[in-house]
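I am opening a notebook on a structure that is new to me. The entries below set down what I looked up, in the order in which I looked.

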Amino acid sequence: MLQRPMALRFFFHRVLSITSRHPAPSLSFISRNLSTNMTEGKFNVIQFDNLKEKLLNHDIILIDVREPSELKDDGKIPNSVNIPLGQIVDAFKMTGSEFQSKYGIAKPDAEKKPFVLSCRSGKRATDASQKLCNLGYNNIEIYSGSFLDWVKNGGLVEK
């Protein structure tokens, strides 16, 4: 439970340090200056442009933790794989072959190549990240704006 307040404290510290150097900065200025990937322990954030590029190059696995009905109603980020938040722990406890059979992708390694979690707005992705950190996964990135940010930035939506 301490990770979330620490992550928020880190986020606000970064915002305050930016705003103290630049009087009355815009939100876009603050966002650009928080860096492409923020890190605070195991809390990594990936932004739209970086995620889009990695997805186009097939350099990243994107796991959407929304419920299947949400994907059916709203669509999904292309090439994402759906593992609902309520199933995330059980999914990552599966053997590699069970995971591959159920989700159609290789099970991410706990320490090697990073993978990204997303949801509708970022909260459930953060919750999923904390659960997976408890299983020993240290290579997780969170798409903080998640699906809403993807749509806002003009990303393609697969229905």
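Predicted model: local features only at pLDDT ≥ 70, side-chain atom pairs only at ≥ 80, totals over all residues.

I began with S146, and, leaving aside its neighbours within four places in sequence, I found S146 in contact with S118, C119, R120, S121, G122 and A125, where contact means heavy atoms within 4.5 Å. S146 has its place in helix α8 (residues 146-152); helices (H or I, at least four residues) and strands (E, at least two) are DSSP runs, numbered from the N terminus. With a relative accessible area of 0%, S146 is buried, a word that I use for under 20% relative accessible area, with exposed for over 50% and partly exposed in between (1.4 Å probe, protein chains only).

Residues are numbered from 1 along each chain as its sequence is written, and side-chain values use heavy atoms, with hydrogens and water left out.

I looked up eight helices and six strands in the protein chain, and from the N terminus on I read the elements as α-α-β-β-α-β-α-β-α-α-β-α-β-α. Of its 159 residues, 40% count as buried. Among contacts between residues at least 6 apart in sequence, 57% join residues at least 24 apart.

Helix α7 (residues 123-134) has 12 residues and reaches 17 Å from its first C-alpha to its last, which is close to the 16 Å expected at 1.5 Å a residue; the expected span is 1.5 Å times one less than the number of residues. I list A125, T126, D127, A128, S129, L132 and C133 as the buried residues of α7. Just after this helix, G136 takes a positive phi of about 100°.

How many aromatic pairs does a search of the whole structure find? The search finds seven, with rings of Phe, Tyr and Trp (its six-membered ring) pairing if their centres lie within 6.5 Å, and with planes under 30 degrees apart counted as stacked, over 60 as edge-to-face and the rest as tilted. For F92 and Y137 I noted ring centres 5.1 Å apart and planes at 85°, so this pair is edge-to-face. The pair links distant parts of the chain, with F92 in helix α5 (residues 88-93) and Y137 in the loop between α7 and β6 (140-143), 45 residues apart. Both F92 and Y137 are buried.

I turned to S80, which lies in strand β4 (residues 80-82) and is buried, with a relative accessible area of 5%. Leaving aside its neighbours within four places in sequence, S80 is in contact with L62 and D64. The C-alpha atoms of S80 and I60 are separated by 9.7 Å, the two residues being 20 apart along the chain.
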